[in-house]
Amino acid sequence: MSASGTVAPRGSIALSPADCTACMICVRECPVWCIRLDSHEEPVAGSDPRRPRTRAVLDGFEIDFAVCMFCGACVTACPFDALAWVPETGSAIDRAGLKAELSELAALWPIGN
Amino acid sequence: MTDLGGGQEAVAVAPQDWAGALAAAKSAGHVRFGFLTAVDDGPAGLRVLAHVASADGAATLLLVTRLTAAVLDSVASVYAGADWHERETAEMFGIVFVGHPGLDPLLLPPDFNGHPLRKGFALPSRASAPWPGASGPGGSGRRRATPVGAPEGWEVPEPEVGG
């Protein structure tokens, strides 16, 4: 998905991978099922062997902006503020091109935030 | 009569008084027809709403009725604009508007089954598509919930790829 150069208050949704904990709340809250999230669990070093701790690691994140209805439920629901509205709108030559995956969504994240 | 502020008022009407209430509203000066639609309140049943306004649009009136059965008098003879709105409400909610000149579907194709805006109607594409939220963090499947808006008792299709 490339930037079309137009600006809108709800142009696209950006992701901050550093803040995302792969909790899946945005995926479950989306009314149109346009978010896909892949993650795996890694053991936390030094955790008590009686109750070994794991943490989720984000592997993949995709928003299909052809399906997204720009309601903002994901932005509102994220407990870690890892999703945000950005003014840049996307564009593509075909419907499949409107799927934005992790690196694109991270690149949209406002610099300095 | 409830004053909603800004020149807007709302009034609750019994289903048997529906046509009379719309006719009275028009005689009282609400000559502009806005919309007629319904809401499925689930166990509480169906609500039908009609929005009419004065000629200059300054005074608006929202009439609401709670249905006990999916039947209501048509008001297309009172407001001509209600004709299409009643056709759409009929196909989306399964409400029969008695006295309507021709209650054919407005938007849905002729072979469509069901009333899509009823809460119990699940989108056919949902039945086959895996819900991305079905697996928990890390794909372990620890947490499970139903998708937003899913009808009660709807079964979550299994995700196609495990975590």
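How many helices and strands does chain B have? Chain B has 3 helices and 7 strands, where helices (H or I, at least four residues) and strands (E, at least two) are DSSP runs numbered from the N terminus.

This is a predicted model, in which local features need pLDDT of at least 70 and side-chain atom pairs count only at pLDDT 80 or more, while totals for chains, interfaces and linings use all residues. Residues are numbered from 1 along each chain as its sequence is written, chains are lettered from A and ligands numbered from 1 in the order in which they are written, and side-chain values use heavy atoms, with hydrogens and water left out.

**Chain B**

Read from the N terminus, the elements of chain B follow the order β-β-α-β-β-β-β-α-β-α. Of the 163 residues in chain B, 37% are buried, a term for under 20% relative accessible area, with exposed meaning over 50% and partly exposed lying in between (1.4 Å probe, protein chains only). Among the contacts in chain B with a separation of 6 or more, 51% join residues 24 or more positions apart, a contact being heavy atoms within 4.5 Å.

On the surface, V71(B), V96(B), V98(B) and L103(B) form a nonpolar patch with about 290 Å² of accessible area together. L103(B) itself belongs to the loop between strand 7 (96-98) and helix 3 (124-128) of chain B, and it counts as partly exposed because its relative accessibility is 30%.

**Two loops of chain A**

Most residues other than glycine have a negative phi. A22(A), in the loop between strand 1 (2-15) and helix 1 (25-29) of chain A, has a positive value instead, and M24(A), found in the loop between strand 1 and helix 1, has a positive phi as well.

| Residue | Phi | Relative accessibility |
|---|---|---|
| A22(A) | near 60° | 0%, buried |
| M24(A) | near 75° | 1%, buried |

S47(A) is placed in the loop between strand 2 (35-43) and strand 3 (54-64) of chain A. Apart from its neighbours within four places in sequence, S47(A) is in contact with P52(A) and R53(A), and a polar atom of the S47(A) side chain lies 3.1 Å from the backbone nitrogen of R53(A).

Methods:
Patch = residues over 30% accessible without salt bridge, like charges linked within 9 Å, V, L, I, M, F, W, Y side chains within 5 Å. Areas by Shrake-Rupley, 256 points an atom, 1.4 Å probe, with all protein chains shown as cover. Salt bridge = Lys/Arg side-chain N within 4 Å of Asp/Glu carboxyl O. Polar contact = N/O pair within 3.5 Å; in protein donor to acceptor, adjacent residues only side chain to side chain.
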